[in-house]
Amino acid sequence: MRNEEGSAALEFIVVGLLLLVPLVYLLLTLGALQEQTLGAEAAARHTARVIGQAPDAETAARRGDAVMASVIREYGMDADSVDMAMNCVPARGRCPDAGATVIVTVRTRVSLPFLPPLFGLDRIAAIPVEAQSAQKVSRLWGSG
């Protein structure tokens, strides 16, 4: 017969910590990923809407920049890692243009929590996030 004496409380604490720490890290990572994904989606959607409903190109650019800055601030995104691209379908000389569909693409990267910027690990282990939104521009856009 073997002696099966031991400390169940100690075993529970060790096994609990071994399982709990990765679970908490996973939850933190998923929370950060969801926040940045929702931020990128909101930035693309609201920027496309503002550009499509603006009366002219100057107002569209000004309002689009204001909306992007507001969404970046609201969702706690890193302004240096957010890239916004805009193109129009059908492609003509300028974008936005009357009757075109404005497509706004927002790209960012989500850094993993608690990852130090040692040897560029924070950039290597970042998760890319991209969101697109389309908005139809009025045929009378820019005419007054």
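Three strands form an open sheet in the order S1-S2-S3, with antiparallel pairing. The model is a predicted one, in which local features need pLDDT of at least 70 and side-chain atom pairs count only at pLDDT 80 or more, while totals for chains, interfaces and linings use all residues. Residues are numbered from 1 along each chain as its sequence is written, and side-chain values use heavy atoms, leaving out hydrogens and water.

At the edges of the sheet lie strand S1 (83–89) and strand S3 (127–136), each of which pairs on one side only. From one strand to the next, the twist averages 20 degrees; angles run from 0 to 180 degrees between N-to-C directions, and axes are lines fitted to C-alpha atoms, for helices over the stretch in contact.

The pairing can be followed strand by strand. S1 and S2 run antiparallel and are joined by seven bridges, and Cys88 stands opposite Val102 in S2. Strand S2 (residues 101–110) is joined to S3 by ten bridges, again antiparallel. Thr101 stands opposite Lys136 in S3, and Thr105 has Gln132 of S3 as its bridge partner. Helix H1 (residues 8–53) packs on the sheet and touches S1, S2 and S3, its direction making about 25 degrees with that of S3; contact means heavy atoms within 4.5 Å.

Cys88 also takes part in a disulfide with Cys95, with an S to S distance of 2.0 Å. A disulfide is counted when a pair of cysteine sulfur atoms lies within 2.5 Å, and this rule gives one disulfide. The link of Cys88 and Cys95 is right-handed, with 80 degrees about the S-S bond. Cys88 is buried, at 8% relative accessibility, whereas Cys95 is partly exposed at 30%. Buried means under 20% relative accessible area, exposed over 50%, and partly exposed in between (1.4 Å probe, protein chains only).

Finally, there is a pocket to look for. H1 gives the most to the lining of the largest pocket, with three residues.

Key: Pairing = 2+ DSSP bridges. Helix = DSSP H or I, 4+ residues; strand = E, 2+ residues; numbered from the N terminus.
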